[in-house]
Amino acid sequence: MDTSPDMSLHATSRRRQLLLWRGSAVAFFVLACLLAISRSGGLAGHAPHLVHLKLAGVIGTDEHENVEALKKAADDASVKGLVLEVNSPGGAVTGGEVLHDAVAAFARRKPVVVSMGSVAASAGYMVSVPASRIFANRSTLTGSIGVLLESPDVSGLLERVGVHVDQLVSGPMKGQPSAVQPLSPQGREMLQGVIADLYGFFVTVVAQDRHMKPERVRELADGRPYTGQQALGLGLVDQIGSLDDARQWLLGATHLPDDAPVSDIGPQATRVNWRHWIAGVLSGVPGAEMLLGESSMLDGAVAIWKL
């Protein structure tokens, strides 16, 4: 029997690999079970309770998971209200619109309270306005009501290096904007019209949900951000307070006891609860950082506050 050091090391390595794969399989099985219980509402049971949805980071073009979480909570008779925690500089106009409509649909059936974090601006403010009451910190940056469309133009650089791009289009507006051709006066006018239409939609949403005159909203909606204290005086938020203050207000509005459970919903809650645990399981696996990361790529017009 060969008992050379090389054979012993090889056997030890094989045993470690086997244990690693077995441990990983068990860990992922347990994780899948826990996630299934969480998404089914098993952690909160059927007792009357509140739900908490956290919107953090840039709002993307696809907010399907958050929308589905809101619909499911609205249909659950044991859910009595929603605490919507917003900490976002905004993002895609379409994503903001879809989330706004989902929150508004929930608010037509059950009370919603918003708690703003360090920033709840632009599309982050858009998703907040359907709430029955909006809480902000004094230092919160909010507002920034407006729409932005950017298109890089590298035509000058290409000309300097001797590169010319022929662009064939079916109509004069088809190639506007273009990264390889300057924006024409007609193209600028056309795109400004698109921005004006999206801006008008944003103003209308705020005016309707905050019960303000559109003219007043337009006075405030020049794109500038406001602190929470400023927003309170302007009627853009209702109260200065913390996340716990918002929760206490909703408990009173829903006539639930102070110890009523609050269940997290939505993909953000899942990432927050399990991110570090998954990171530990996937440590050393190539590409794990990319799996755990969040994309900030946005397409089309955006409603976002940028420092």
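Which strands do the buried residues of α9 pack against? The legends below work through that and a few other close-ups of this predicted model.

**Figure 1. The whole chain, before zooming in.** The chain has 11 helices and 10 strands. Of its 307 residues, 40% count as buried. Take the contacts between residues at least 6 apart in sequence: 75% of them join residues at least 24 apart. The accessible surface of the chain comes to about 17,600 Å², and carbon and sulfur atoms own 57% of that.

**Figure 2. Helix α9 and the strands it packs on.** Here is the reply to the opening question: the buried residues of α9 pack against β1 (49-56), β2 (79-88), β4 and β5. Those buried residues are Ala-246, Leu-250, Leu-251 and Thr-254. They cover an arc of only 140° around the axis, so they sit on the same side of α9. The helix length checks out too: with 12 residues at 1.5 Å a residue, α9 should span 16 Å, and its end C-alpha atoms are 17 Å apart, which agrees.

Figure 3. His-255 follows α9, and its phi is positive, near 60°. The residue belongs to the loop between α9 (243-254) and β9 (262-265). Is His-255 buried or exposed? It counts as exposed, because its relative accessibility is 72% and the cut-off for exposed is over 50%.

**Figure 4. Another histidine with a positive phi.** His-211 has phi near 55°, again a positive value in a residue other than glycine. Look for His-211 in the loop between α6 (185-209) and α7 (214-220). With a relative accessible area of 74%, His-211 is exposed.

Figure 5. Thr-142 is part of strand β6 (residues 141-143). Its relative accessible area is 0%, so Thr-142 is buried. Where does its side chain reach? It gets to the backbone oxygen of Ala-120, at 2.7 Å. Not counting residues up to four places away in sequence, Thr-142 touches Met-116, Ala-120, Ala-121 and Tyr-125, and also Arg-224, Pro-225, Tyr-226, Thr-227, Ala-231 and Val-237.

Figure 6. Val-129 is in the loop between α4 (123-126) and β5 (133-136). Which residues is Val-129 in contact with, leaving aside its neighbours within four places in sequence? They are His-100, Ile-134, Val-205, Val-206, Asp-209 and Arg-210. For Arg-210, the C-alpha to C-alpha separation from Val-129 is 6.4 Å, although the two residues are 81 apart along the chain.

Figure 7. How many salt bridges does a search of the whole structure find? The count is 5. One of them joins Asp-75 and Arg-109, with the closest N and O atoms 2.8 Å apart. This pair links distant parts of the chain: Asp-75 is in helix α2 (residues 64-75), while Arg-109 is in the loop between α3 (93-107) and β4 (112-121), 34 residues apart. Asp-75 counts as exposed at 56% relative accessibility, and Arg-109 is exposed as well, at 51%. As background, side chains of opposite charge can pair when their charged atoms come close.

Figure 8. The side chains of Arg-216 and Glu-219 meet in a salt bridge, 2.9 Å from N to O. These two are 3 residues apart in helix α7, so about one helical turn separates them. An α-helix has 3.6 residues a turn, so residues three or four places apart point the same way. Arg-216 is partly exposed, with a relative accessible area of 32%, whereas Glu-219 is exposed at 55%.

**Figure 9. Arg-224 and its two sets of partners.** Arg-224 forms a salt bridge with Asp-222, where the closest N and O atoms are 2.6 Å apart. Both ends are partly exposed: Arg-224 at 46% relative accessibility and Asp-222 at 45%. Arg-224 also shows up in the Thr-142 view, as one of the residues that Thr-142 touches.

Methods
Residues numbered from 1 in each chain as written. Predicted model: local features only at pLDDT ≥ 70, side-chain atom pairs only at ≥ 80, totals over all residues. Heavy atoms only, no water. Helix = DSSP H or I, 4+ residues; strand = E, 2+ residues; numbered from the N terminus. Buried < 20%, exposed > 50% of the residue type's maximum accessible area, 1.4 Å probe, protein only. Polar contact = N/O pair within 3.5 Å; in protein donor to acceptor, adjacent residues only side chain to side chain. Contact = heavy atoms within 4.5 Å. Salt bridge = Lys/Arg side-chain N within 4 Å of Asp/Glu carboxyl O. Areas by Shrake-Rupley, 256 points an atom, 1.4 Å probe, with all protein chains shown as cover. Expected span 1.5 Å × (residues − 1). Arc of directions from axis to C-beta.
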